[in-house]
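Visitor: Before we look at particular places, could you take me through the terms one by one and show how each is applied here?

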Amino acid sequence: HPHFVLGASETLEVAKVVLATGFQTFDPSELPLLNYNRFEGVVTIADLDGYLREDRLSELFTADETRIAFIQCVGSRDREHGRDYCSQFCCKASVRLARKLLFERPDLKITIYYIDLQVTGKEFRTFHEQMKSRIRFVQGTPAEILPAEEGDGLRVKVFDPETGEIGYEEHDRVILATGQTPNPINREFAERLDIELGSDGFLALGDPGKSTRSSRPGVYLTGACAGPTDLATACTQALATAAEIGR
């Protein structure tokens with residue numbers, strides 16, 4: 001637990017330090033136009049994952065509610081608020097969750113709104129191709145979620161980058177693909193361990209692409225504390241860190 005580590009009175013002599021403090025999930029309530037806290041039909045991918053894991057999908061939407069939308073890059077790719085980066089895992093998470101939904105409810109009509117779909121890795125590219133016939137992919141990120149003009153659904157305001165026009169589409173549920181933001185404890189670690197903190201709030205690597213060490217020799221960074229990452233990349237970084245220390 002970070003507070004235990006930082007507040008400990010014991011001093012240890014160690015050869016190396018590895019920080020793997022992870023990230024903090026973006027709070028979508030910071031974007032009031034998405035109405036995450038106002039409309040019950042607006043949830044996050046973490047919320048959806050919880051419903052699926054606990055086999056409580058029927059509590060999220062009824063048999064008559066079939067129009068589901070995913071909105072990508074919520075809290076990411078946002079230059080105005082200093083988060084002009086990709087969170088790496090959201091596209092994969094959304095498509096995989098959409099597949100799980102279709103397995104449970106083949107009648108669902110799923111739309112994924114995206115800026116640039118990050119289809120990386122051979123396995124995921126194949127997986128994406130398989131799902132294209134069952135999921136509707138729309139380039140353009142909704143800026144606002146509103147109540148439906150009639151009934152209990154939701155209406156999303158979408159900007160079409162090809163036509164430059166704004167339109168509206170109705171859905172029964174909207175899933176927000178919330179991105180990664182820096183763990184607030186990064187700043188305290190940076191000060192106490194005398195390592196650099198990037199302007200984006202993530203801890204800075206000393207030699208990006210070549211080493212997982214920080215700006216200070218002997219202190220290494222693994223996973224999302226050094227920048228947004230998916231699970232596979234975090235595991236690869238952990239192996240690289242172990243190998244570098246082993247050498």
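Guide: Buried means under 20% relative accessible area, exposed means over 50%, and partly exposed lies in between, with a 1.4 Å probe and protein chains only; helices (H or I, at least four residues) and strands (E, at least two) are DSSP runs numbered from the N terminus. This is a predicted model, in which local features need pLDDT of at least 70 and side-chain atom pairs count only at pLDDT 80 or more, while totals for chains, interfaces and linings use all residues. Residues are numbered from 1 along each chain as its sequence is written, and side-chain values use heavy atoms, with hydrogens and water left out.

Visitor: What makes the buried residues of helix H6 lie on the same side?

Guide: The buried residues of H6 (residues 186-193) are Asn 186, Phe 189, Ala 190 and Leu 193. They cover an arc of only 100° around the axis, the arc being that of the directions from the helix axis to the C-beta atoms, and therefore they are on the same side of H6. On the other side of H6, Arg 187, Glu 191 and Arg 192 are exposed, and the helix is followed by Asp 194, whose phi is positive, near 55°.

Visitor: What makes Arg 67 and Glu 170 a salt bridge?

Guide: Their closest N and O atoms are 3.8 Å apart, which is within 4 Å, so this pair also counts. The pair links distant parts of the chain, with Arg 67 in strand S4 (residues 67-74) and Glu 170 in strand S9 (residues 166-171), 103 residues apart.

Visitor: Why is Thr 229 called buried?

Guide: Its relative accessibility is 8%, under 20%, and therefore Thr 229 counts as buried. Thr 229 is in the loop between strand S12 (219-221) and helix H7 (231-246). Leaving aside neighbours within four places in sequence, Thr 229 is in contact (heavy atoms within 4.5 Å) with residues including Phe 89, Gln 180 and Ala 234.

Methods:
Salt bridge = Lys/Arg side-chain N within 4 Å of Asp/Glu carboxyl O.
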